[in-house]
Amino acid sequence: MADSADLYRTVRLIRRFEERAIELVRSGVIPGGIHPYLGEEAIAAGVCAALRPDDLITSTHRGHGHVLAKGADPCRMLAELAGRETGLNAGRGGSMHAADVSVGIYGANAIVGASAAIACGAAWSHRRAGRDRVAVTFFGDGAVNQGVLLEALNLAALRRLPVVFVCENNRFATSMRVQDTTSGTITGRAEAFGIPAQAVDGMDPEAVFEAASRAVARARAGDGPAFLECLTYRFGPHHTWEYSVRPRYRTDEEVAAGSVRDPVVIQAARVDDAVRARIDGEIEDLLDRARLFAEASPEPDPSGALDYLYSGTLRGRGGTA
Amino acid sequence: MPILSYVRALNRALSAEMERDPAVCVFGEDIGIAVSNVTTGLLKRFGPERVIDMPISEQAFTSFATGAAIAGSRPVVEFQIPALLFLVFEQIANQAHKFSLMTGGQVKVPVTYLLPSSGSRVGWAGQHSDHPYSLFAHVGVKTVVPATVTDAYGLLVSAIRDDDPVIVFGPAGAVARRENVDFDALAPVPLGVGRVHRPGSDVTVVAVGHLVHDALAVADELAGTISVEVFDPRTLYPFDWAGLEASLEHTGRLVVVDDSNRTCGIGGEILATAAEEMHLIAPPKRVTRPDGAVLPFARELDLALQPARGQLRAAIETVAKSQ
């Protein structure tokens, strides 16, 4: 059983990280904007609490929660969002590609559904090397109609790979409602490939943790992949550009109704007030430090814009002769 | 000396690398029965955990290779049909190729994509006859097009040992070739280093893949009137610009023969670079497929759209004469 306070710490950290990151988008410290994870924190927290440090995840464009819950340093994460040399990816990835391989984060991916097959291959490779690592691939409801994701489900089942597919059904693919884009059911897709699938209350960190723990244990035991559809709601915008563009695809009343059950509030109720106050204070201190660290960190030198493109010494020609 | 075929050279390279390095594995369709003959014997020798017949899910197994590579394997992915590369362009150009940069160098993606028969085989029509190496050079994926048997062996070995994604095109027009080789002398050929197949003093012909053999034949025809140097870049990205420059230093005249569609084909890049940076005493020319070519089925129509020896000869004669 995961410690209730630990789960609270994770959902609270993600919530406050995102709220502060939105401020930094508005003030221009974070270029390009972000896809906030507000409202979906229970999923990252519950799933990652069921993993070992050497297990691995692949994430999505809405990936901050996964990256923080899997154990990346919030200071370096924020520095990455701000495009700094000290960031997780040395400022080369940003919000949509944050990765920290040292703690099993094989990258957030900006193409919907693209990372499931990557997770499958990584899980296969580790198993072949004799390591009993489990891979979790996160994706949204918008990904369940991508061919490559369905292909990955087939491959995972065929080769009994230790992969847990975690669908975060927040009811919207950008502006498109899940019922307008998706025939059949989401769990039914996995079941069609013989993969056990379960719908989970994605607002409750402990419910997610319990379901994820069963799926991870099964995968680690060699019994093959599992699929969780975590039912949640995106409290905020698809992307921070909505603050300026203001697309109208859902009403304020609908958002309010969808946000009534709040994963941070749900988990807070399970933690002693004094403990909660201490955790809240620690998180604010940590995020203060993260902001100072990010803002004080150097921006990458433009002469290094082609660094890391290749693993060796290869340098392509520049843009002028 | 024993005779080795191009396809057997690829097979030998794969087999040698799998023997040398347990991280090397092969994914593809029908590779268990070796429908392309490149994987012959590998399943029996190395087993089904290293030689994996994949479902017809090219996108998934291409990204599966990316994940496996990040986690320490060195996959070789075989595609039977060059047009499948259009299907997996996302997985190669947008995923595998970008991981090193996007992660700030945290990961390497040592995957080799192997096309044992690319370009026209005549009679395979619109969706089996492409030769899309220029697309991959354009996006910056290391791109190799061996023309000869020993280069096929040596470049595939280097591709597998490279820590980045590398795509290896075996031109359909070259895979039937055979050479007398000393097996003990087979060796890796470094990526990015071209080869002068025939020295000459009047015109440099840069020929890609199977067209090297056409260029050598045309050079023979012209011997006595025009001295043609045949330069085979072998790797299109990174390109051996120094090798080309050295050749143009003494010829000053350039013709490129390239099995790409004309617009944005590698031939255009070679001409542009030579014009910008190198010694040219006459306007260069290129012989390519036409703009936007889709190879029609009928034999004469298919051949009509491929670079032909007559076209190459005419281009060489024009460039040799022009001032």
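Let me start with helix 1 of chain B, residues 6-20, which lies across strand 2, strand 4 (74-78), strand 5 (112-118) and strand 7 of chain B and runs at about 135° to strand 2 of chain B. Helices here are DSSP runs of H or I with at least four residues, strands are runs of E with at least two, and both are numbered from the N terminus; axes are lines fitted to C-alpha atoms, for helices over the stretch in contact, and angles run from 0 to 180 degrees between N-to-C directions. Contact between two residues means that their C-beta atoms, placed from the backbone, lie within 7 Å.

Please keep in mind that this is a predicted model, in which local features need pLDDT of at least 70 and side-chain atom pairs count only at pLDDT 80 or more, whereas totals for chains, interfaces and linings use all residues. Residues are numbered from 1 along each chain as its sequence is written, and chains are lettered from A and ligands numbered from 1 in the order in which they are written.

Helix 8 of chain B, residues 149-161, lies across strand 2, strand 4, strand 5, strand 6 and strand 7 of chain B, and runs at about 160° to strand 7 of chain B. The sheet itself is open, with seven strands of chain B in the order 3-2-4-5-7-6-12 and mixed pairing, where two strands pair if DSSP finds at least two bridges between them. Its edges are strand 3 (51-53) and strand 12 of chain B, each of which pairs on one side only, and the twist from one strand to the next averages 20°. Within this sheet, strand 6 (residues 142-144) and strand 7 (residues 166-171) of chain B pair in the parallel sense over three bridges, and B:Thr143 has B:Ile167, in strand 7 of chain B, as its bridge partner.

Turning to the interface, 35 residues of chain B are in contact with 37 residues of chain A. Helix 3 (58-70), helix 5 (89-95), helix 6 (99-102) and helix 11 (266-277) of chain B each supply at least two residues of the side of chain B that touches chain A, and the largest share of that side, ten residues, comes from helix 3 of chain B.
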